[in-house]
Amino acid sequence: MSALPPSPITPTVDFERDGVQHGFLRLPYSRDDSAWGSVMIPICVVRNGKGQTALLTGGNHGDEYEGPLALYELARTLDPKDVTGTVIIVPAMNYPAFRAGSRTSPIDKGNMNRSFPGRPDGSVTEKIADYFQRELLPRADIVFDFHSGGKTLDFVPFCAAHTLLDKEQEEKAFAAVEAFAAPFSMRMTEIDTVGMYDTAAEQMGKVFVTTELGGGGTARAETVRIARRGILNVLRHAGIVGGAVEKSQTQWLDMPSGDCFAFAEDEGMIETMIDLGEKVEEGQVVARIHSTGHTGTAPQEIKARMSGLLAARHFPGLVKAGDCAAVLAVEVD
Ligand SMILES: [Zn+2]
């Protein structure tokens, strides 16, 4: 038995009630401007009888917009008549970060995707993570978490799942990725899996699917269209929403090892030498980092450690040592 105290979060929606409910996850947060105040995290539940449950999230990182744009709209438009089972929508999971337009929470600097399993007696971010860990994830059959590159990265638009030890679970996740039908579909490798929502969901045996759909701290028309079509496709694929999956061409990609990632070793001004989606050969210079303090210094060259295509790049024009400069991926059939 867990000795953990109950979550301080109170939902204003009833997860067992049929129909559409728009409400909040209310988290008490006492502070200077609101002595008995709360953080009010928007949540929508669309339920129509028994069936599978999908848990859909955006704003895990607060500066990524395709997910929230797709999910606020889905919450506004999804008709329970078209649903079998339950769709739980939290469009801005780390709501304080989302309100601030920043990756992490302005309250406690919490990175939601490094805060799992969270703590009921921890910081605001840890309390939100704990509520997902103990209350929402156990309800779900399929868990879909939208990401994009945020202010510091830019990606080719892809939907992704992880390679897992449980091959049946992995196959279900990759089938959902295929149904999402983004221009690219990724077998994803993470730099750092500890504390991730992904890992928490996968360890519970859930079908976990995610995306990286652009970045730069904004959203583009194309990537928002991909997000909206894709999430409906996943719900149709799961049999939760009626109708056929709207098929579209997707190119599968793999991140076979840590050689995918290239990091800056110096600060300076970055010049990406190829554009997103372009092919690259091992040894090719993918980016140059120009020293800006004085003239006459040769740029640092960042070379590809494998052949593939450019799947992500650093977004702002200036980099620091240790910044992720480029991510490569390999095309697979
Ligand atoms: Zn993210």
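Pro-117 sits in the loop between α2 and α3 (124-136). Helices here are DSSP runs of H or I with at least four residues and strands are runs of E with at least two, numbered from the N terminus. Bear in mind that this is a predicted model, where local features need pLDDT of at least 70, side-chain atom pairs count only at pLDDT 80 or more, and totals for chains, interfaces and linings use all residues. Residues are numbered from 1 along each chain as its sequence is written, and side-chain values use heavy atoms, with hydrogens and water left out.

- The peptide bond between Phe-116 and Pro-117 is cis, with omega at about 5°.
- Lys-109 has a phi near 60°, which is positive even though the residue isn't glycine.
- You'll find Lys-109 in the loop between α2 and α3, and its relative accessible area of 63% makes it exposed (exposed is over 50%, buried under 20% and partly exposed in between, with a 1.4 Å probe and protein chains only).
- Ala-181 is another non-glycine residue with a positive phi, again near 60°.
- Ala-181 belongs to the loop between α4 (167-180) and β9 (184-188), and with a relative accessible area of 1% it is buried.
- As background, most residues other than glycine have a negative phi, and most peptide bonds are trans.

**Zinc site**

- The zinc ion gets its protein donors from His-61 (ND1), Glu-64 (OE), Glu-64 (OE) and His-147 (ND1), at 2.1 to 2.4 Å. Donors are N, O and S atoms within 2.8 Å of the metal (3.2 Å for Na, K and Ca), and sites may look incomplete because water is not among the atoms.
- Along the chain, the spacing of the zinc donors reads H-x2-E-x82-H.
- His-61 is in the loop between β4 (53-57) and α1 (66-77), while His-147 is in the loop between β6 (142-145) and β7 (153-155), so the two histidines tie together parts that are 86 residues apart in sequence.
- Both histidines are tucked away: His-61 counts as buried at 3% relative accessibility, and His-147 counts as buried at 5%.

**Helix α1**

- Twelve residues make up α1, and it reaches 17 Å from its first C-alpha to its last, close to the expected 16 Å (that's 1.5 Å times one less than the number of residues).
- The buried residues of α1 are Glu-66, Gly-67, Pro-68, Ala-70, Leu-71, Leu-74 and Ala-75.
- Those buried residues pack against β2 (19-28), β3 (38-48), β4, β5 (85-90), α2 (95-100) and α6 (221-237), with contact taken as heavy atoms within 4.5 Å.

**Around Thr-250 and Phe-184**

- Thr-250 is found in the loop between α6 and β11 (251-254), and at 15% relative accessibility it counts as buried.
- Leaving out residues up to four places away in sequence, Thr-250 touches Glu-178, Ala-182, Pro-183, Phe-184 and Ser-185.
- Phe-184 is part of strand β9 and is buried, with a relative accessible area of 16%.
- Beyond its neighbours within four places in sequence, Phe-184 contacts a set of residues including Val-156, Pro-157, Phe-158, Cys-159, Thr-250 and Leu-309.
- The C-alpha atoms of Phe-184 and Ile-89 are separated by 24 Å, and these residues are 95 apart along the chain.

**Strand pairing**

- β1 (residues 10-11) pairs with β2 in the antiparallel sense over two bridges, and pairing calls for at least two DSSP bridges between the strands. Within that pair, Pro-11 stands opposite Leu-25 in β2.
- β2 and β3 also run antiparallel, joined by ten bridges, with Val-20 opposite Val-46 in β3.
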